[in-house]
Amino acid sequence: MAATASSMATTAVFMPRLPAKPTRCSALPYLPPRLSSTTSSFPLKAFPESRRLSLQIRASSSEETSTSVDTGELLTDLKEKWDAVENKSTVILYGGGAIVTVWLSSIVVGAVNSVPLLPKVLELVGLGYTGWFVYRYLLFKSSRKELATDIEALKKKIAGTE
């Protein structure tokens, strides 16, 4: 009897306790167990052959259909255009000013975005303006023609052909 009690005690030690009901500590959805590393490291191989989708991709390249730009040609073209510029200091000044303007505007947008409720109000203003623009210029045929003539007049004014 003492031998059976000691064997039962050792058996009880080796038997792990499993909870009757799995407990969940978070609101995350249940995920299935991982596939063992012996089956595959690529997830598509875990599905049976009937469930796999057949996808064949073929890539080809030829000189005639290539749209890539030759870098040497691009550099020579840029050098020719830079040499044709008469007032290089003005171009550098405007380029630097543009970079500083983009940097400052990103700081301002970040500051506005950090103010509570203001980004949502600005989104509503943008949606309202978009709705008005669609109603005013895009909804009816006559207003679309008016918008097209306004755009053409603006193009001519910018190009200096007017």
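What follows is a chat about the labels and the values behind them.

Visitor: What is the average confidence here?

Guide: This is a predicted model, and the protein chain averages a pLDDT of 77, with 60% of the residues scoring at least 70. Over residues 5-12 the pLDDT is below 50, and beyond near neighbours in sequence that stretch has zero contacts in the model.

Visitor: Why are H4 and H5 called roughly perpendicular?

Guide: The axes of H4 (residues 118-138) and H5 (residues 141-159) come within 6 Å and cross at roughly 95°. Angles of 65 to 115 degrees count as roughly perpendicular, so H4 and H5 get that label.

Visitor: Which residues meet between H4 and H5?

Guide: From H4 there are Phe133, Arg136, Tyr137 and Leu138, and they meet Ser143, Arg144, Glu146 and Leu147 of H5. By class, that's four nonpolar, one polar and three charged residues.

Visitor: What makes leucine 117 exposed?

Guide: Its relative accessible area is 64%. Exposed means over 50%, so leucine 117 qualifies. Leucine 117 sits in the loop between H3 (88-114) and H4.

Visitor: What is the phi of leucine 117?

Guide: Leucine 117 has a positive phi of about 75°, although it is not a glycine. Most residues other than glycine have a negative phi.

Visitor: Which residues does UniProt list for "transmembrane region"?

Guide: The unreviewed UniProt entry lists 91-111 and 117-135. In the model, residues 91-111 are 100% helix, with end C-alpha atoms 30 Å apart. Residues 117-135 are 95% helix and 0% strand, with end C-alpha atoms 27 Å apart.

Terms used:
Residues are numbered from 1 along each chain as its sequence is written. This is a predicted model: local features need pLDDT of at least 70, side-chain atom pairs count only at pLDDT 80 or more; totals for chains, interfaces and linings use all residues. Side-chain values use heavy atoms; hydrogens and water are left out. pLDDT is the predictor's confidence in each residue, from 0 to 100. Contact means heavy atoms within 4.5 Å. Axes are lines fitted to C-alpha atoms, for helices over the stretch in contact, and angles run from 0 to 180 degrees between N-to-C directions. Helices (H or I, at least four residues) and strands (E, at least two) are DSSP runs, numbered from the N terminus. Angles under 35 degrees count as roughly parallel, over 145 as roughly antiparallel, 65 to 115 as roughly perpendicular and the rest as oblique. Ala, Val, Leu, Ile, Met, Phe, Trp, Tyr, Cys and Pro count as nonpolar, Asp, Glu, Lys and Arg as charged, and the others, Gly among them, as polar. Buried means under 20% relative accessible area, exposed over 50%, partly exposed in between (1.4 Å probe, protein chains only). UniProt positions are given in the numbering used here, feature names are shortened, and annotations may be inferred rather than shown by experiment.
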